[in-house]
Amino acid sequence: MYRREHRYQLSFENFFLPFGGKLSGDNRWIKLAELIPWDELEDDYAAQFCKGFGAPAKPFRMALGALIIKARLGLTDEELVEQIKENPYLQFFIGLEAFQSSAPFDPSMMVYFRKRLPEAIVNDCNERIVRHGLKMIRSSDPQGPADDDSSGGSTSPPDQPKPSSQKQPNQGSLLIDATCAPVDIRHPTDLSLLNEAREMTEILIDAMHPHVRERFGHKPRTHRKKARRQFLAVAKKKKPRISKIRKAIKQQLGHLKRNLASVDALIACGGCLLAAGRHIYRKLLVISELVRQQTILYHADSRSIPDRIVSLCQAHIRPIVRGKARCNVEFGAKISISVTGEGFTFLDRLSYDPYNEGEDLKGQAISYRRRHGHYPQVICADQIYRTRSNRAFCQRHGIRLSGPRLGRPKNDPELVAAEKQQFIDDQRQRNAVEGKIGQGKRRFGLGLIREKLAVTQGSTIALNILVMNLEKLLELLFVLFASWLQLLLCNQPGKGSPFVCVSTHLSPT
């Protein structure tokens, strides 16, 4: 059940501090709280709960605020709760009305927060926060774009897109790219996966046999010591030969198949698969598929197979071939992101299966039109996006796709030089999306996803991108404040000469 509290957003001046004083309005968490439309975003969150049944859930502001704090500061769930207990600004950010020394929720609630705010809801919150933040900043800028219609509609802000029936000229730029958000798993090898699977089946046999000992007889043999020696004989070598690895894989497959046959025999005598716990039972289903895949790979010449399992605990993870010098293959979710000319990032696609990112260009351009009311004037993308289908799509909608044109170069040297210079400028502009990917991986946790479930991993990835946009909005607020201060100093009598007045203009696209 969800109990919605109808009240106005709490002001930081009314936040009660038992030790006296009041919160500062210049604090970063106060500014962030003003940039987020909490009441507008609460509708999708409240729709997940039944009406009148169960204990009331935590408020939406507390759930989203806690996830934003965790992603922005890079904390664990336990450390997050401790930080909230000690910091009144964090308590105001999650919606508390007064400072309290007790924890507002248990650290285990963070798992439910991530499940209740999946990737789709967080992406929608991301778009609404960007629209609300830009609208608030532009309304506070005295030298921003005017609100009259003298511009003819060519500079309409993205927070107020016009209907699709009114065709608008293309404006702005769209930078697109794809990357992988690796998860926190051990680097998988076929031999180590089979050894781990064998140990799991041995645990299951040990748990199932005592309940059917009278009907089944002696516990089936597993030869675990022998199998362990065979595994370590290859695993401890620095560079084992291929023949040695294949022999060890064949041995582990033999032990594993015998253990699975023993499990089937115990089931036939009335054994319970849940004797060792639900987590072992879930892994048993993955182990059966792992044995099938490894048997095919052992007898086939190919080293690839569809839906290859690389982790028993996280069976949804797939190997993503990236072709990078540092790491050719990464294990995690492949994501496609788009960056607007103002520097705001949006998550357009998330998949655990490998895909060709060139297929996403049309959808990303359509999403840009949905957010802004018009298509971009230019799309800066890598070579993999410059397919004939994408070129035809961009030409049909009047979009210039970065990169050299198809066919032979023109005979005009000046035209060829201009095209080369345009390509160089587009590549320089496209570096911004690479910088956003690096910022997300180095600063905001996209470099290593520590959550275990597929839904919580998707929520964490989307939240990291949302926090990147919040940081960009804070940066625009700081630039606006600096512009006000500089304008104030310029207007003072006798002090205008040492300063140069620079007007901060927020581009509408």
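A salt bridge, as the term is used here, is a side-chain nitrogen of Lys or Arg within 4 Å of a carboxyl oxygen of Asp or Glu. Good morning, colleagues. With that term in hand, I turn to the structure above, which is a predicted model.

A search of the whole structure finds 28 salt bridges. Four residues, Lys 70, Asp 77, Arg 114 and Glu 451, are linked in a network of such contacts. Asp 77 belongs to helix H4 and Arg 114 to helix H6, so the pair ties together parts that are 37 residues apart in sequence. Asp 77 is buried at 14% relative accessibility, and Arg 114 is buried at 6%.

Another salt bridge joins Glu 127 to Arg 371, with the closest N and O atoms 3.1 Å apart. This pair links distant parts of the chain, namely helix H7 and helix H13, across 244 residues. Glu 127 is buried, with a relative accessible area of 11%, and Arg 371 is buried at 6%.

How many of the residues of strand S1 are buried? The count is 10 of the 10, so strand S1, residues 173-182, is largely enclosed by the rest of the structure. Ser 173 and Leu 175 are among the residues that point one way from S1, while Leu 174 and Ile 176 are among those that point the other way.

Strand S1 runs parallel to strand S5, joined by three bridges, and Ser 173 has Val 378 as its partner there. Strand S3 runs antiparallel to S1, with nine bridges between them; in S3, Ile 335 stands opposite Thr 179. Thank you for your attention.

Terms used. Residues are numbered from 1 along each chain as its sequence is written. This is a predicted model: local features need pLDDT of at least 70, side-chain atom pairs count only at pLDDT 80 or more; totals for chains, interfaces and linings use all residues. Side-chain values use heavy atoms; hydrogens and water are left out. Buried means under 20% relative accessible area, exposed over 50%, partly exposed in between (1.4 Å probe, protein chains only). Helices (H or I, at least four residues) and strands (E, at least two) are DSSP runs, numbered from the N terminus. Two strands pair if DSSP finds at least two bridges between them.
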